[in-house]
Amino acid sequence: MPMERILSPNDPITAPKMPSLPASSTHITGTSVLAIKFKDGIMMAADNLASYGSLARFKDMQRLQAVGEHTVIGAGGDMSDFQYIQAMLDELIIDEFTAQDGHSLGPAEIHEYLAQVMYARRSKMNPLWNAILVGGVKDGKRIWKINLVLPPRRFLSFVDLLGTTYSASTLATGYGAHIAQPLLRTAVEGKEDILTAEDALKILEQSMKVLYYRDARSIDKYQVATITARGISISESRRLETSWSFAEGIRGYGAQTQ
Amino acid sequence: MFRNTYDSDNTVFSPQGRLHQVEYALEAVKQGSAAVGLRSKTHSVLLALKRSTGELASYQQKMFRIDEHVGIAIAGLTSDARVLSNFMRQQAMSSKMVFNRPIPVNRLVSTIADKAQVNTQEYGRRPYGVGFLVIGQDQTGPHLYEFSPSGNSYEYYAMSIGARSQSAKTYLEKHYESFEDASLEDLIRHGLHALRETLQQDKELTINNTSIGLVGPASAHETNVPPSGPFRILEGDVVQPFLDTMIPKDTGAAAPAPAAAGDEDVQMAG
């Protein structure tokens, strides 16, 4: 398929002439990512849609990615920039692995690295157009402190195209930051050490459902990543159970009869 | 002075398969005053003998803090050591900034070893004239490494470098099996005993010529050490309590074993 040359900040030909990036030039986009802390670690969810403007262009996009043994990142925003970030982090993890010296990058280190990259790119007036959640669990024990074994540490933090970072026990990007975040806070805050994986899954499922009803760039197909001290699992794609019978009598939904 | 057909260019092998400039650089390390390092399950310590050029002069600095968790003791050219320690500090800062992680000690040592190796292979350069003992702690516990201008680095339970370091090594080899479970005070005492072996006749360890560097939880003789046990250098009066723990040498019939030959001025073979 012949490709049309599109004005892009990442195009070596057009980039020098384009110091700042109009938001409209992000093309293939992903919407919200949700993540919460629970008793044993972090759970994260994102749907499988990559939109081309308002067109639901790709319905099999995986927006959750394992980075090493202890971390998962989830991204909204420009999906080509996300793929670039994935390639960059894969290389980083391979370099770390090949050192074979007993050290490995955990979620805190990966988040710091990402924040530095995002900030450096925004400072070149050429940001990576994403909002990313970084979640993970890494053993916090230090052998050199005698008789002191710290419990595994949960880590959940946000970073965006400006290099802005913050942490909380519930996080959401994009539309989810408006719609799902209040729901997540109500369900999770104060209960981070009580909620089971089952509880966490229910909370995310419910929030994804609300987002699917409200967010026009979302789809009812999503994946869930679970990160605990035992490791990472990213689920197969699953469907949201939704009901549209309420729309029957509402003008504006579906085919109009009058 | 020793001279040799194959020693004017460090990148050319001698027919015996040796790089003479590199070996001379290792000699420069042996000219420097001794440094000793030891490691236990909980601590790593450095002990070094400071030299002064005379009554009126100050003592040469032998230890450098690299980062919160890493420090070095040097033997050889101090100016080369300052170049390398600045580089190590930059590496440590970079790790902190990019990953928010204190640099793993083995990686820090590897970077300077790689830097030193380049000098043994590229035309028109010279090897560094300094060796380090590096101590530090990271996720994998306390460590002790030796770095040398040949570009080698090794991890050790205990090690010594510098003038007459063979005598200290002999002491360490005799006692190293007890270091693993030793208390910090015992570890330092062993270190001082080893360092004492490198002294010339009629000289002794004093608060002026002895530096102690350590990582790990505080000793009974220290105050105001944060619980993380960062790298710190003890000099002057605070060294006294540790010197007091030393067991006086038997000055009677049993004369101390003479320093092994080949320690100070080595005649190069070939």
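**View 1. The interface between chain A and chain B.** Contact means heavy atoms within 4.5 Å. By that rule, 19 residues of chain A are in contact with 18 residues of chain B. This is a predicted model in which local features need pLDDT of at least 70 and side-chain atom pairs count only at pLDDT 80 or more, while totals for chains, interfaces and linings use all residues; side-chain values use heavy atoms, with hydrogens and water left out. Residues are numbered from 1 along each chain as its sequence is written, and chains are lettered from A in the order in which they are written. About 1,600 Å² is buried between chain A and chain B, 55% of it on carbon and sulfur atoms; buried area is the accessible area (1.4 Å probe) that two parts lose on being put together, summed over both.

**View 2. Polar contacts and composition on the chain A side.** Between chain A and chain B, 7 residue pairs are in polar contact, both residues being at pLDDT 80 or more. A polar contact is a pair of N or O atoms within 3.5 Å; within protein, one must be able to donate a hydrogen and the other to accept it, and residues adjacent in sequence count only if both atoms are side-chain atoms. On the side of chain A that touches chain B, α1 (79-99) and α2 (107-123) of chain A each supply at least two residues. The largest share of that side, 5 residues, comes from α2(A). Helices (H or I, at least four residues) and strands (E, at least two) are DSSP runs, numbered from the N terminus. By class, the side has 8 nonpolar, 4 polar and 7 charged residues, where Ala, Val, Leu, Ile, Met, Phe, Trp, Tyr, Cys and Pro count as nonpolar, Asp, Glu, Lys and Arg as charged, and the others, Gly among them, as polar.

**View 3. The salt bridge between D101(A) and R107(B).** A salt bridge is a side-chain nitrogen of Lys or Arg within 4 Å of a carboxyl oxygen of Asp or Glu. The rule finds 3 salt bridges across the interface of chain A and chain B. In the salt bridge of D101(A) with R107(B), the closest N and O atoms are 2.7 Å apart. D101(A) lies in the loop between α1 and α2 of chain A and R107(B) in helix α3 (residues 105-118) of chain B, so the pair joins two chains. Buried means under 20% relative accessible area, exposed over 50%, and partly exposed in between (1.4 Å probe, protein chains only). D101(A) is buried at 19%, and R107(B) is buried at 17%.

**View 4. The salt bridge between K41(B) and D181(B).** The closest N and O atoms of K41(B) and D181(B) are 2.8 Å apart. K41(B) lies in the loop between β1 (35-39) and β2 (44-49) of chain B and D181(B) in the loop between α4 (165-175) and α5 (184-196) of chain B, so the pair ties together parts that are 140 residues apart in sequence. K41(B) is partly exposed at 49% relative accessible area, whereas D181(B) is exposed at 62%.

**View 5. Strand β4(B) and its partners.** Two strands pair if DSSP finds at least two bridges between them. Strand β3 (residues 63-67) of chain B pairs with β4(B) in the antiparallel sense over 4 bridges. β4(B) and β5(B) run antiparallel and are joined by 7 bridges. I74(B) has F132(B) as its bridge partner in β5(B). In strand β4 (residues 70-76) of chain B, 6 of the 7 residues are buried, so the strand is largely enclosed by the rest of the structure.
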